[in-house]
Amino acid sequence: MNAWSRNDDDIIERVQQGDKEAFSVLVRQYMKPAYFSALAIVGSHDDALDLSQQAFIRAWKAIGSFELGRAFYTWYYRILRNLCLNFVRDRSVRAQPFSRYPEVLEHGSSEDNPLEATERAMLRERVRLAMGKLRSEEREIILLREFDGYSYDEIASLLECPVGTVMSRLYYARKHLKTLLEDEHD
Amino acid sequence: MTDMERERFRMLMMKALDGELAGSERSEFDTFLGNPDCEREWKEFAHIKEATMSLQLKSPAPEIWDRYWDGVYNRLERGIAWMLVTLGAVILLGWGAMEAAAALWRDADLPLYVKIGIVALCVGLLLLLFSVIRERFFTMKTDKYKGVIR
């Protein structure tokens, strides 16, 4: 079962009663998707760690308002996302290339013949650099799909928007990426 | 091609790229690919998709996961500590201010206008504090935009 749809009502009921041990179970369960989600938006290991932990603190403080029966991660993701986007905006890095961002991306392995492998490796390298120049929201939606492998329905649920908007945002994010690659090539 | 058709093609193209195309949409998408512009865009996007699919976010050092909860717990603990420090400081400063004001008020050598000044200052500070707290509380309860990202 995916993080976004898991039901944790038993643990959350205990957390709502102030049980820190139960909260630690919840944190350990979601720390990895939380960290990588933050990393996709802010592009720095230290900031992703800091912001994902900060979001857990906010979740702890607001857990009383959590409605049982809902997915914890979807609820938590909204807190995390707001924190990350505010962080990016406060640092005024939204409009400029995310210089550190390419450092947190790497390529998967390739088993092609040497010539094709080299060409693909060059393209991937350009894509990796261009990803750093995308806006946070564009990078986020591409990575939710490509890295986390969420379906459109799941992304719509996480971002609180219709599936049509997810497709539209993906289209424009990919189009922007394509433009960046073309500009770099010219 | 109308704007609506172009929009429809884009949606179908995203679905096709991400493997979310329903069986009934397949033939509709194939029809669009008969258009050279659509076919060219499809190839370009497929190229981008292929390249982004291979990207991965680098994993941090494994020991980060062992220390992750400790980091959250320390912050929780510090949050409570800061709250207690703030509460203690407010109580002590308030008590100190009251004691000082009372001592000055009892001082027979102090002119009346100074005493009136002290009372006015204390009452004014209390009113300001009350007003700020009330405003914050009211905003917290009624601000429908509090969840909106700045």
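Helices (H or I, at least four residues) and strands (E, at least two) are DSSP runs, numbered from the N terminus. In this predicted model, B:Gly34 sits in the loop between α2 (23-32) and α3 (36-53) of chain B. Chain A and chain B share an interface with a buried area of about 4700 Å², and six salt bridges are counted between them.

Residues are numbered from 1 along each chain as its sequence is written, and chains are lettered from A in the order in which they are written. Because the model is predicted, local features need pLDDT of at least 70 and side-chain atom pairs count only at pLDDT 80 or more, while totals for chains, interfaces and linings use all residues; side-chain values use heavy atoms, with hydrogens and water left out.

**Chain A: overall make-up**

- Chain A has eight helices and one strand, and from the N terminus on its elements run α-α-α-α-β-α-α-α-α.
- Of its 186 residues, 53% count as buried (buried means under 20% relative accessible area, exposed over 50%, partly exposed in between; 1.4 Å probe, protein chains only).
- The accessible surface of chain A comes to about 8400 Å², and 47% of that belongs to carbon and sulfur atoms (Shrake-Rupley method with a 1.4 Å probe; for residues, only the protein chains shown count as cover).
- Among contacts in chain A between residues at least 6 apart in sequence, 67% join residues at least 24 apart (contact means heavy atoms within 4.5 Å).
- A:Glu160 is not a glycine, yet has a positive phi of about 55 degrees; A:Glu160 lies in the loop between α7 (152-159) and α8 (163-185) of chain A and is exposed, with a relative accessible area of 57%.

**Domains**

- Chain A is divided into domain 1 (9-91) and domain 2 (98-185) (bounds come from an automatic or database domain assignment).
- In chain A, 17 residues of domain 1 are in contact with 17 residues of domain 2.
- These two domains of chain A bury about 1500 Å² between them, 54% of it from carbon and sulfur atoms (buried area is the accessible area, 1.4 Å probe, that two parts lose on being put together, summed over both).
- Three salt bridges are found across the interface of domain 1 and domain 2 of chain A (a salt bridge is a side-chain nitrogen of Lys or Arg within 4 Å of a carboxyl oxygen of Asp or Glu).
- A:Arg89 and A:Glu137 form a salt bridge through their side chains, at 2.5 Å from N to O.
- In chain B the assignment gives domain 1 (3-53) and domain 2 (62-141), with 61 Å between their centres, taken over C-alpha atoms.

**Interface of chain A and chain B**

- The contact takes 57 residues from chain A and 39 residues from chain B.
- On the chain B side, B:Leu57, B:Lys58 and B:Tyr68 lose the most area to chain A, together 17% of what that side buries.
- Carbon and sulfur atoms give 64% of the area buried between the two chains.

**Salt bridges around B:Asp18**

- B:Asp18 forms a salt bridge with A:Arg174, the closest N and O atoms being 2.8 Å apart; B:Asp18 lies in the loop between α1 (3-17) and α2 of chain B and A:Arg174 in helix α8 of chain A, so this pair joins two chains.
- A:Arg174 is buried at 2% relative accessibility, and B:Asp18 is buried at 5%.
- Leaving aside neighbours within four places in sequence, the contacts of A:Arg174 include A:Ile142, B:Met14, B:Leu17 and B:Phe45.
- A salt bridge also links B:Asp18 to A:Arg145, with 3.5 Å between the closest N and O atoms.
- Within chain B, B:Asp18 forms a salt bridge with B:Lys49 at 2.8 Å between the closest N and O atoms; B:Lys49 lies in helix α3, so the pair ties together parts that are 31 residues apart in sequence.
- B:Lys49 is buried, with a relative accessible area of 7%.
- Salt bridges that share partners join A:Arg145, A:Glu146, A:Arg174, B:Asp18, B:Glu20 and B:Lys49 into one network.

**Other sites**

- A:Lys178 and A:Glu182 form a salt bridge with closest N and O atoms 3.4 Å apart; both residues lie in helix α8 of chain A, four residues apart.
- B:Gly34 is exposed, with a relative accessible area of 62%, and its C-alpha is 40 Å from that of B:Lys58, 24 residues apart in sequence.
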